[in-house]
Amino acid sequence: FDATNISRTGANYGPRGIRDVSVQFLTYNATLDFDIAEALAPVDCGDCDIALANAEKTFARAQADIGAILDAGALPVTLGGDHSVTIPAVRARVEDPGLILIDTHLDTALDVGGEELNHCCPITRAVDAGFDPAKIALVGISGWMNPRTEIGYCRERGIRVIWLEDIWDHGTAWAVERALEVASAGDGVYLSFDVDSLDSAHAP
């Protein structure tokens with residue numbers, strides 16, 4: 001689902017692409033002597049039932065799907081489309097989760113053109129859903145890609161921002177430790193990863 005995207009579309013093909021590429025790989029990693037299928041017994045639950053161009057209905061359906069997975073005692077992993085897919089996932093949250101976002105953007109817009117269900121808004125919607133801002137860490141953020149209003153939102157609420165330059169100066173391990181210090185204070189951690197956090201040589 002990428003109907004909330006304000007730039008180039010096509011991310012709705014993401015889950016299909018991930019599935020297509022994944023069949024080229026084994027579930028076993030020889031370096032680590034670890035088999036993900038044996039350890040985690042993953043199941044592909046299929047796609048959410050999309051309501052074409054309707055974020056409200058689509059997210060309600062996705063939230064119900066994710067809630068059912070959580071109720072069954074399984075760990076949900078959601079894939080694909082624009083970053084608005086985080087919104088139904090955070091709404092189906094556990095009791096008191098932390099949150100780590102790896103992204104080039106803060107994703108703390110209150111709305112986009114009056115629309116609150118947008119890929120620029122997942123962190124604000126997470127806070128609306130009950131996530132404690134003090135347990136949210138935003139990692140890899142670029143100063144050139146975020147408006148004053150969104151960093152203001154973070155500063156006002158005490159959301160931890162780990163800038164891209166921080167990672168350059170201190171390294172990835174340092175960033176992981178800082179993010180976990182913040183987010184692991186909760187009852188589990190919701191991890192959200194946006195592909196645009198990767199170098200544009202790898203994700204144009």
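A nonpolar core is taken here as a set of buried Ala, Val, Leu, Ile, Met, Phe, Trp, Tyr and Cys residues joined through side-chain atoms within 4.5 Å, where buried means under 20% relative accessible area and exposed over 50%, with partly exposed in between (1.4 Å probe, protein chains only). The model is predicted, so that local features need pLDDT of at least 70 and side-chain atom pairs count only at pLDDT 80 or more, whereas totals for chains, interfaces and linings use all residues. Residues are numbered from 1 along each chain as its sequence is written, and side-chain values use heavy atoms, without hydrogens and water.

The largest nonpolar core holds 20 residues, of which Leu99, Ile136 and Leu138 touch the most other members. Two or more residues each come from helices H4 (86-91), H5 (122-128) and H6 (148-157) and from strands E3 (98-102) and E4 (136-141); helices (H or I, at least four residues) and strands (E, at least two) are DSSP runs, numbered from the N terminus. Beyond four places in sequence, Ile136 is in contact with Leu99, Ile123, Val127, Phe131, Ile159, Arg160 and Val182 (contact: heavy atoms within 4.5 Å). Another core, of nine residues, lies apart and includes Val139, Ile162, Ile167 and Val182.

Helix H3 (residues 55-71) reaches 24 Å from its first C-alpha to its last, close to the 24 Å expected for its 17 residues at 1.5 Å a residue, the expected span being 1.5 Å times one less than the number of residues. Ala55, Thr58, Phe59, Ala62, Ile66 and Gly67 of H3 are buried. Seen down the helix axis, the buried residues fall within an arc of 165 degrees and therefore line one face of H3; the arc is that of the directions from the axis to the C-beta atoms. Their cover includes H4, while Lys57 and Asp71, on the other side of H3, are exposed. Just after H3, Gly73 takes a positive phi of about 85 degrees.
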